[in-house]
Amino acid sequence: MAAQKDLYDAIVIGAGIQGCFTAYHLAKHRKRVLLLEQFFLPHSRGSSHGQSRIIRKAYLQDFYTRMMHECYQIWAQLEQEAGTQLHRQTGLLLLGMKENQELKTIQAILSREGVEHQCLSSEELKQHFPDIRLTTGEVGLLDKFGGVLYADKALRALQDVVGQLGGRVCDGEKVVEINPGLPVTVKTTSRSYRAKSLVITAGPWTNQLLRPLGIELPLQTLRVNVYYWRQMVPRSYGVSQAFPCFLVLGLSSHHIYGLPAGEYPELMKVSYHHGNHADPEERDCPTARADSQDIEILKRFVRDYLPDLKPEPAIIEHCMYTNTPDEDFILDHHPKYDNIVIGAGFSGHGFKLAPVVGKILSELSMKLTPSYDLAPFRISRFPSLGKAHL
């Protein structure tokens with residue numbers, strides 16, 4: 001009897017947004033769930049911290065747009081359960097040249113999926129958003145559902161709700177060993193735990209946990225800089241002025257994105273959707289000169305497109321991306337141990353999708369039929385990961 005009492009239905013490693021939503025859905029199914037986190041909460045070592053994230057339905061892949069329909073519903077449900085606002089609708093403006101293929105594809109997907117949006121000519125852009133200076137005749141696509149998620153608040157609310165639903169959250173416990181089997185045993189720096197299933201959502205530490213289990217995923221860990229720029233004209237790019245989130249396509253090798261001022265007084269977040277290779281254990285070490293290339297791209301963009309911002313960043317923060325080669329997620333069972341589930345490679349765009357990602361990972365953990373087609377997320381799409389790796 002005592003042994004049964006010590007047995008969890010599921011252990012989730014990693015209390016970032018993906019792990020928290022996985023534990024949330026498991027707890028909703030009345031499963032006995034343990035959420036393990038190596039750092040003391042809250043922390044800023046991984047990918048889920050910071051005050052804000054963009055939420056949107058505008059995607060280049062129709063499967064993400066379809067997943068976002070349910071994500072919005074679950075975000076709203078969490079707001080109700082937590083009794084706090086976690087989301088603000090601002091609209092998301094995509095900027096690009098008329099012939100930009102990404103812009104055309106996204107517009108076609110929004111139309112096909114019935115998502116409310118608006119196409120804006122250069123002249124209409126100038127009328128609607130006079131504080132953006134267009135340099136080469138860009139056009140716009142406005143995803144009216146776009147907005148801001150309050151990331152730190154959402155993470156805290158979710159961790160609280162998991163506890164209220166009967167889940168257990170243990171922080172400051174680094175996993176040092178996983179022994180597969182039925183049950184699976186997880187040893188931390190504090191003690192050992194046993195469970196019928198294990199879900200690994202460890203972000204940049206994923207491969208450290210998987211290597212002893214005979215598999216290494218094609219994950220690239222990047223340190224990403226997040227930049228805030230001071231407004232020279234008060235409130236010109238603020239939420240109160242109905243300024244939207246934005247995403248710029250085709251201007252540089254990677255997307256430039258921005259969120260209206262709100263996190264810090266009179267500072268607007270404008271950043272580059274890319275970073276430089278980094279070991280997650282050395283994230284705070286001085287970085288390579290490659291950072292300077294990113295900042296020069298952003299300085300030029302701010303100077304040319306957002307004339308009411310000072311073209312020098314006022315604050316620089318950091319987070320980690322964990323990228324797959326195709327920048328789509330990994331949501332799958334371990335190829336050898338079917339009671340070990342892996343969620344990885346969220347590539348800097350996973351936060352908004354976490355409600356459905358957590359649902360899928362919980363379904364895989366409970367051996368239920370997944371709610372979504374998982375073909376885009378299978379480990380087997382990477383042909384180099386053959387049986388020789390197991």
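This is a predicted model: local features need pLDDT of at least 70, side-chain atom pairs count only at pLDDT 80 or more; totals for chains, interfaces and linings use all residues.
I started with the contact of H2 and H9: Ile17, Gln18, Phe21, Thr22, His25 and Leu26 of H2 touch Ala354, Pro355, Val357, Gly358, Lys359, Leu361, Ser362 and Ser365 of H9. I sorted these residues by class and got seven nonpolar, six polar and one charged.

H2 covers residues 17-28 and H9 covers residues 354-365, and their axes come within 7 Å. The crossing is at roughly 55 degrees, so I put H2 and H9 down as oblique to each other. For handedness I wrote right-handed for H2 passing H9.

Then I turned to H6 (residues 151-164). Which residues does H2 use to meet H6? I found Ile17, Cys20, Phe21, Ala23 and Tyr24 on the H2 side, and Leu155, Leu158, Gln159, Val161 and Val162 on the H6 side. By class, I have nine nonpolar residues here, one polar and no charged. Ile17 and Phe21 are on my list for H6, and I had already written both down for H9.

The axes of H2 and H6 lie 9 Å apart, at an angle of about 30 degrees. Under 35 degrees counts as roughly parallel, so that is my entry for H2 and H6. H2 passes H6 in a left-handed crossing, whereas I had right-handed for H2 passing H9.

On to the sheet. I traced three strands in the order S3-S8-S4, an open sheet with antiparallel pairing. Which strands stand at the edges? They are S3 (52-55) and S4 (87-89); each has a single partner strand, so one side of each has no neighbour in the sheet. I noted an average twist of 25 degrees from one strand to the next.

I looked at S3 and S8 (residues 147-150) in more detail and counted four bridges, in the antiparallel sense. One bridge I picked out joins serine 52 to tyrosine 150 in S8.

Last, I checked what packs on this sheet. Helix H3 (residues 62-82) does, touching S3, S4 and S8, and its direction makes about 135 degrees with that of S3. Helix H6 packs there too, with contacts to S3 and S8, and its direction makes about 45 degrees with that of S8. That ties my entries together: H6 touches the sheet and also meets H2, and H2 in turn meets H9.

Note on methods:
Residues are numbered from 1 along each chain as its sequence is written. Side-chain values use heavy atoms; hydrogens and water are left out. Axes are lines fitted to C-alpha atoms, for helices over the stretch in contact, and angles run from 0 to 180 degrees between N-to-C directions. Helices (H or I, at least four residues) and strands (E, at least two) are DSSP runs, numbered from the N terminus. Angles under 35 degrees count as roughly parallel, over 145 as roughly antiparallel, 65 to 115 as roughly perpendicular and the rest as oblique. A crossing is left-handed if the near helix is turned anticlockwise from the far one by less than a right angle, and right-handed if clockwise. Contact means heavy atoms within 4.5 Å. Ala, Val, Leu, Ile, Met, Phe, Trp, Tyr, Cys and Pro count as nonpolar, Asp, Glu, Lys and Arg as charged, and the others, Gly among them, as polar. Two strands pair if DSSP finds at least two bridges between them.
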